[in-house]
Amino acid sequence: MSDVTRRKHGRPVHHWRRDVVELAALFTAVAVADVVANLVGHGPDGPRLLVVSAAALVATAGFHVWWSRRHGHAPPTSDTDARPPSPEGQAGPSELPGGVTAESTLWRMRTTVKDEPGSLAALCTTLAGHRVDILSLQTHPLGEDTVDEFLLRAPGTLAAADITRAVARAGGASTWIERADAHDLVDAPTRVLGLATRTALDAAELPLALRQLLGRCTIRSLPATARSGGRGPDAVPVEGVLEDTVMRLRAPEGGVITVERPYLPFTPTEFARARALVELDARLGQRVPRGHDVLTLPEGSAITVRRADPGDLEAAKAMHERCSARTLGMRYHGPVGDADRYLNHLLNPRFGRTLAVQTASGRVVGLGHLLWDGDETEVALLVEDQWQRRGIGGELLGRLVAMAVEAGCASVYAVTQSSNTGMVAAMRGLGLPLDYQIEEGTLVITARLDTAGGNGAELSFEASGEPIVRD
């Protein structure tokens with residue numbers, strides 16, 4: 001893991017736009033302050049102008065605080081466009097008044113009602129009046145209130161704002177709505193059991209399972225001890241901590257798993273489900289699927305590609321010793337002597353997936369990493385010098401991107417240097433839309449995956465342009 005990536009800890013692009021805007025605002029503020037100072041110092045109405053300016057400033061600050069609290073954490077009152085319209089999101093034709101047919105749309109909606117007789121009935125009656133079908137309903141008790149979560153099928157001509165207005169008139173508050181798709185038709189118990197099965201088979205699935213369980217959220221796994229040797233995160237109790245839009249759970253290895261969803265507070269039911277998944281992961285311990293592929297390089301050498309785990313630590317350190325300082329520097333972007341200290345993190349399935357390339361003699365000659373970085377995903381490659389330019393890097397990258405597509409990632413990014421022609425060529429070989437950004441002297445290449453896995457085919461690319469034969 002590069003230090004540059006850790007400092008970013010998130011989206012690796014567009015910082016310069018924010019800096020330009022902030023600089024322009026600073027210059028404007030200085031100019032306005034200079035004008036006000038001249039008027040106060042030389043004009044006859046200076047004190048009065050100063051008082052009026054102070055009042056305007058206080059009013060503006062108060063409005064900003066009110067607006068932030070009003071819209072910072074409140075659920076949106078209209079479609080969040082979290083999921084773009086897709087064929088799966090169109091549920092088929094529905095009958096409208098007068099015999100007119102139109103495409104219907106699936107929606108996920110959550111609203112809060114009073115926990116009293118008749119409140120849910122009034123809400124359902126209102127939805128029925130707008131020809132909205134309730135496909136599923138979950139209730140989350142909250143003391144005097146209840147959060148009701150719906151899967152709805154509505155006429156395509158009915159907008160999200162129309163639904164939320166109708167719900168508000170029926171007594172619903174803090175309503176949140178977004179488009180759904182056919183995957184949401186699976187009932188909650190079946191979906192949770194499926195996520196539990198995935199988690200049981202592979203320790204790297206836990207962050208992905210939590211994200212699918214809780215929707216759009218940011219998940220970070222913090223180790224108990226920082227890699228730099230400093231103090232780790234504050235410990236959390238065994239039962240975890242729920243704080244409105246943030247939940248913190250004790251990680252199986254002793255660290256902390258933090259889940260944030262600023263646009264929608266978590267319910268106690270969601271917290272209990274997430275905690276159950278984490279407890280299942282803790283009971284099962286470290287586990288990685290043992291499948292592998294034997295591939296033949298163009299010159300005839302056979303290699304094996306498999307999942308790596310902490311048991312490969314010594315083999316990975318031995319590979320570091322055989323790599324040149326230039327190769328290690330391009331991969332880790334820091335002092336070569338610090339390369340080994342990243343391996344415990346990189347090989348831990350809690351933070352992503354790692355692929356190892358192994359020769360017939362059992363020597364590890366390449367590593368490829370797919371790392372969960374908050375709500376972003378990073379790819380990184382390291383191939384031993386003597387095995388470079390044989391298509392290994394492209395093979396690893398293609399498999400990592402296929403894993404990212406399977407996990408539902410929207411994009412992946414690689415942190416490298418412009419002189420690393422092998423990594424640049426491998427990213428270009430993906431055939432995906434790429435975005436290039438220079439940040440602190442480092443090249444960040446982002447590949448968008450929203451069009452990568454539409455046909456469900458396996459993605460595999462070769463940096464050298466030469467085929468690798470699969471045995």
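# Cysteines, aromatic contacts and a pocket

Cys409 has a relative accessible area of 10% and is therefore buried (under 20% relative accessible area; exposed is over 50% and partly exposed in between, with a 1.4 Å probe and protein chains only). Cys323 also counts as buried, at 9% relative accessibility. The structure holds zero disulfides, a disulfide being a pair of cysteine sulfur atoms within 2.5 Å.

The model is predicted, so local features need pLDDT of at least 70 and side-chain atom pairs count only at pLDDT 80 or more, while totals for chains, interfaces and linings use all residues. Residues are numbered from 1 along each chain as its sequence is written, and side-chain values use heavy atoms, with hydrogens and water left out.

Rings of Phe, Tyr and Trp (its six-membered ring) pair if their centres lie within 6.5 Å; planes under 30 degrees apart are stacked, over 60 edge-to-face, and the rest tilted. The count by this rule is two aromatic pairs.

| Pair | Class | Centre to centre | Angle between planes |
|---|---|---|---|
| Trp176 and Tyr263 | tilted | 5.8 Å | 35° |
| Tyr332 and Tyr342 | stacked | 5.6 Å | 5° |

Helices (H or I, at least four residues) and strands (E, at least two) are DSSP runs, numbered from the N terminus. Trp176 and Tyr263 form a tilted pair that links distant parts of the chain, 87 residues apart: Trp176 is in strand β5 (residues 173-179), and Tyr263 is in the loop between β9 (256-260) and α8 (268-284). Both Trp176 and Tyr263 are buried.

Tyr332 and Tyr342 form the stacked pair. Tyr332 lies in helix α10 (residues 325-332) and Tyr342 in the loop between α10 and α11 (343-346), so the pair ties together parts that are ten residues apart in sequence. Tyr332 and Tyr342 are buried.

A charge sits over a ring if NZ of Lys or CZ of Arg is within 6 Å of the ring centre and within 35 degrees of the ring normal. The charged end of Arg341 sits over the ring of Tyr342, 4.8 Å from its centre. That of Arg390 sits over the ring of Trp387, at 4.5 Å from the ring centre.

The lining of the second largest pocket has 13 nonpolar, twelve polar and five charged residues (Ala, Val, Leu, Ile, Met, Phe, Trp, Tyr, Cys and Pro are nonpolar, Asp, Glu, Lys and Arg charged, and the others, Gly among them, polar). β14 gives the most to this lining, with six residues.
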